Amino acid sequence: MGLQLPFKFGASSKDALPGSRVRPSKMMEYDQPLVWITLLLMLFGLVMVYSASIALHDSPKYANYENSYWLKRQAAFIAISLVAGLFVFRIKIAVWQKHASLMFVATLFLLALVLVPGVGVTVNGATRWLNLRIYNLQPSEIMKIAAVLYAADYTVRKQEYMHKLTKGFLPMAGAIGLVGLLLLLEPDLGAFGVIVCIAMGILFLGGINIVWFGGIGALLVVIFTAIIALSPFRRARMFAYLDPWQEDNALDKAYQLTHSLIAFGRGEFFGVGLGASVEKLHYLPEAHTDFIMAVIGEELGLAGVLVVIAMFYWLVKRAFDIGRQAIAIDQVFAGLVAKGIGIWIGVQTFINMGVNLGLLPTKGLTLPLMSYGGSGVLFNCVGLAILLRIDYENRVLMRGGRP
């Protein structure tokens with residue numbers, strides 16, 4: 001595509017007319033804090049994945065694995081994700097806008113492919129992955145990016161109809177409803193919740209009629225309540241969440257939640273020390289994936305938890321700042337995508353932390369950038385590379401250039 005990474009761009013003294021004085025721009029050539037925060041979260045996550053998984057090989061289930069197996073794989077995932085991020089950064093935002101619908105349809109196909117017997121990989125009763133030999137790909141992670149791009153493109157294309165129900169909202173609702181149907185068949189209610197929040201958030205920012213938005217929000221609450229009420233498993237998990245310390249619940253549906261709360265309680269203000277967690281010793285299931293925040297709370301205490309929250313808060317705020325700047329210079333699609341990425345990271349982080357802290361019912365959602373898993377880290381990096389590209393194009397445009 002002939003683009004270069006944003007290490008040298010814009011006017012320089014060599015480009016000036018003879019005799020003219022050019023004052024060097026004080027604007028950074030790319031968003032260094034965004035890059036550093038992303039790297040810090042991934043490296044911090046790498047340390048905590050190693051700490052949380054170091055005893056897993058003692059279990060008969062993982063007896064053939066060495067204690068550094070998950071560390072090495074997570075390090076490989078991070079390396080691959082960074083390379084993918086560099087590649088994605090080189091793609092113009094206009095290209096993403098042009099192919100947003102195609103990407104959405106292709107990801108729908110992958111979600112359907114997961115459900116084909118013999119093709120999808122089932123883990124712990126959920127069929128959410130495609131076996132790529134090297135690792136298992138989770139299409140729902142791709143759909144989070146596809147939903148951001150498609151919702152932003154849809155909002156821009158249908159701007160004049162955003163105040164109308166039939167032409168503005170219903171087509172988008174149908175598309176997200178189809179995604180929801182496929183995800184509920186896996187089942188993956190957590191990913192569906194995140195994608196609904198992404199789509200609704202972008203539609204709201206794009207100017208959807210506030211009355212319709214409120215009514216749709218209420219309808220979604222009814223739908224999610226009905227999904228839980230009509231599913232015996234989800235209903236039992238909800239009752240267990242409401243009373244996790246009841247003996248039968250604590251030994252069954254609320255087992256993870258109670259041990260997560262015990263982990264936070266043991267950590268107190270400054271933790272028991274890095275590597276000294278007791279709950280990760282086969283008491284807390286999925287400690288290196290969905291419940292990595294509980295291990296952080298136990299080993300590093302409230303101080304460590306607040307540091308992680310602060311970094312995610314900065315990341316989400318920065319995404320919205322970049323989006324606001326893009327919209328201010330008439331790059332509406334780019335601005336909505338940036339804010340959509342902020343919504344995605346923010347909502348998923350909130351749900352994961354809420355589950356770990358007992359504020360929300362238990363759901364299988366990872367902590368972005370930090371939990372163990374190839375698909376999660378890879379597509380988190382892809383999303384943040386798109387965000388970095390939006391910021392890069394903002395800076396080029398504000399300097400009078402062309403992205």
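Axes are lines fitted to C-alpha atoms, for helices over the stretch in contact, and angles between N-to-C directions run from 0 to 180 degrees. On that basis, helix α5 (residues 139-157) and helix α13 (residues 332-356) cross at roughly 145°, and their axes come within 9 Å. The model is predicted. The crossing of α5 and α13 is right-handed. On the α5 side, the contact is formed by Lys144, Ile145, Val148, Leu149, Ala152, Asp153, Thr155 and Val156. These residues meet Val332, Phe333, Leu336, Val337, Gly340, Ile341, Trp344 and Gln348 of α13. By class, this contact of α5 with α13 holds 11 nonpolar, 3 polar and 2 charged residues.

Helix α1 (residues 32-53) packs against helix α2 (residues 69-89). The angle is about 165°, and the axes lie 9 Å apart. Angles over 145 degrees count as roughly antiparallel. Helices α1 and α2 are therefore roughly antiparallel to each other. Their crossing is right-handed. From α1, the contact uses Leu39, Met42, Leu46, Val49, Tyr50 and Ser53. From α2, it uses Trp70, Leu71, Gln74, Ala75, Ile78 and Leu82. The contact of α1 with α2 has 10 nonpolar residues, 2 polar residues and no charged ones. An α-helix has 3.6 residues a turn, so residues three or four places apart point the same way. Among the α1 contact residues are Leu39, Met42, Leu46 and Val49.

Helix α1 also meets helix α12. Here the axes come within 11 Å and cross at roughly 155°. This angle makes α1 roughly antiparallel to α12. The crossing of α1 and α12 is left-handed, whereas α1 passes α2 in a right-handed crossing. The α1 residues in contact with α12 include Pro33, Leu34, Ile37, Leu41, Phe44 and Met48. Their partners in α12 include Ile292, Val295, Glu299, Leu300, Met311, Phe312 and Trp314. The contact of α1 with α12 divides into 19 nonpolar, 3 polar and 1 charged residues. Val49 of α1 takes part in the contact with α12, and Val49 is also listed in the contact with α2.

Helix α12 (residues 292-328) is not straight. A straight helix of 37 residues would span 54 Å at 1.5 Å a residue. Helix α12 spans only 38 Å between its end C-alpha atoms. A kink of about 130° is centred on Leu300. Leu300 is also one of the α12 residues that meet α1. Just after α12, Asp330 takes a positive phi of about 70°.

Two loops also show backbone features. Glu268 lies in the loop between α11 (255-267) and α12. The phi of Glu268 is near 50°, a positive value in a residue other than glycine. Pro187 sits in the loop between α6 (165-185) and α7 (189-205). A cis peptide bond joins Glu186 and Pro187, with omega about -5°.

Methods. Residues are numbered from 1 along each chain as its sequence is written. This is a predicted model: local features need pLDDT of at least 70, side-chain atom pairs count only at pLDDT 80 or more; totals for chains, interfaces and linings use all residues. Side-chain values use heavy atoms; hydrogens and water are left out. Helices (H or I, at least four residues) and strands (E, at least two) are DSSP runs, numbered from the N terminus. Angles under 35 degrees count as roughly parallel, over 145 as roughly antiparallel, 65 to 115 as roughly perpendicular and the rest as oblique. A crossing is left-handed if the near helix is turned anticlockwise from the far one by less than a right angle, and right-handed if clockwise. Contact means heavy atoms within 4.5 Å. Ala, Val, Leu, Ile, Met, Phe, Trp, Tyr, Cys and Pro count as nonpolar, Asp, Glu, Lys and Arg as charged, and the others, Gly among them, as polar. The expected span of a helix is 1.5 Å times one less than its number of residues. The bend at a residue is the angle between axes fitted to the seven residues ending there and the seven starting there.
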